[in-house]
Amino acid sequence: MLEFINAKTHTDIETVSALAIEIMQEHYDPIVGKEINAHMLAKYQSVEGICEEIKDGAEYFFVRADGANVGFLAIAPKDGFMYLSKFYLAKKYRGNGYSRDMMTFVKARAEKCGLNKITLNVNADNGNTVSVYRRFGFEIVEEIYRDVGGGYCVHDYVMQCYLKNSQE
């Protein structure tokens with residue numbers, strides 16, 4: 001059974017940042033390249049980047065199984081939807097149904113906030129992850145090119161999932 005622990009203290013945020021760097025280097029270096037990934041990790045997954053996102057309303061959660069941090073996620077309620085900002089599971093823990101349990105948690109949080117839709121961005125070249133989100137009921141609603149600073153641009157899909165069979 002997974003535990004979801006809200007990362008609130010500076011020490012928690014340092015731990016999330018270290019976990020993010022470990023997971024995301026392994027996963028994204030081959031997809032976007034080490035240089036752009038290093039830039040994005042420094043900008044978004046550093047302690048400062050995480051603190052900024054929390055200040056803007058996001059919640060970060062450790063995902064734990066048997067006392068080990070196996071992944072993390074970040075969500076932020078927005079006007080009319082829950083934004084799924086981060087959804088990462090360490091490679092050695094994949095294939096155990098943990099991502100399904102993580103998504104169940106995200107959907108429950110959205111419903112608790114009175115929201116019937118979850119929106120996320122995913123790198124368009126991250127085919128395996130796009131497939132996972134599709135299995136969770138997400139659909140691609142937009143294809144975008146996003147400036148992430150430092151002279152870098154990423155190619156993303158915006159994906160959405162409606163909860164309780166509701167649609168706008």
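User: Which elements do the buried residues of α5 pack against?

Analyst: Before that, a word on the basis: this is a predicted model, in which local features need pLDDT of at least 70, side-chain atom pairs count only at pLDDT 80 or more, and totals for chains, interfaces and linings use all residues. Residues are numbered from 1 along each chain as its sequence is written, and side-chain values use heavy atoms, with hydrogens and water left out. The buried residues of α5 pack against α1 (10–32), β4 (81–89), α4 (98–112), β5 (117–123), β6 (139–149) and β7 (152–162). Contact here means heavy atoms within 4.5 Å, while helices (H or I, at least four residues) and strands (E, at least two) are DSSP runs numbered from the N terminus.

User: And which residues of α5 are the buried ones?

Analyst: In α5, which spans residues 127–135, they are Thr 129, Val 130 and Tyr 133. Seen down the helix axis, these buried residues fall within an arc of 105°, so they line one face of α5; the arc is that of the directions from the helix axis to the C-beta atoms. Buried means under 20% relative accessible area, exposed over 50%, and partly exposed in between, with a 1.4 Å probe and protein chains only.

User: What does the other face carry, then?

Analyst: The face of α5 turned away from the buried side carries the exposed residues Asn 128 and Arg 135. Just after the helix, Gly 137 takes a positive phi of about 100°.

User: Where is there a positive phi in a residue other than glycine?

Analyst: Asp 66 has a phi near 50°, and this residue is found in the loop between β2 (59–65) and β3 (68–78). Most residues other than glycine have a negative phi. Asp 66 counts as exposed because its relative accessibility is 79%.

User: Back to helices: which residues are buried in α2?

Analyst: Ile 36, Asn 37, Met 40 and Leu 41 are buried in α2. They cover an arc of only 135° around the axis, which puts them on the same side of α2. An α-helix has 3.6 residues a turn, so residues three or four places apart point the same way. The elements covering the buried residues of α2 include α1, β6 and β7, whereas the face turned away from that buried side carries the exposed residues Lys 34 and Glu 35.

User: Take Met 40 in there; what does it touch?

Analyst: Not counting residues up to four places away in sequence, Met 40 touches Gln 45, Arg 146, Val 148 and Val 154. Met 40 lies in α2, residues 34–44, and counts as buried because its relative accessibility is 17%.

User: How about Ile 13, buried or exposed?

Analyst: Ile 13, which is found in α1, counts as buried because its relative accessibility is 6%. Leaving aside neighbours within four places in sequence, Ile 13 is in contact with Lys 8, Val 47, Ile 50, Cys 51 and Ile 54. The C-alpha atoms of Ile 13 and Ser 46 are separated by 8.8 Å, although the two residues are 33 apart along the chain.

User: Switching to α3, is Glu 53 buried or exposed?

Analyst: Glu 53, in helix α3 (residues 47–55), is buried, with a relative accessible area of 18%. Outside the four places in sequence on either side, Glu 53 is in contact with Ala 58, Tyr 60, Ser 85 and Lys 86. Glu 48 is also found in α3, but this residue is exposed, with a relative accessible area of 60%.

User: How many disulfides does a search of the whole structure find?

Analyst: The search finds 0 disulfides, a disulfide being a pair of cysteine sulfur atoms within 2.5 Å. For Cys 161, the nearest cysteine sulfur is that of Cys 113, 15 Å away. Cys 161 is buried at a relative accessible area of 3%, whereas Cys 51 counts as partly exposed at 32% relative accessibility.
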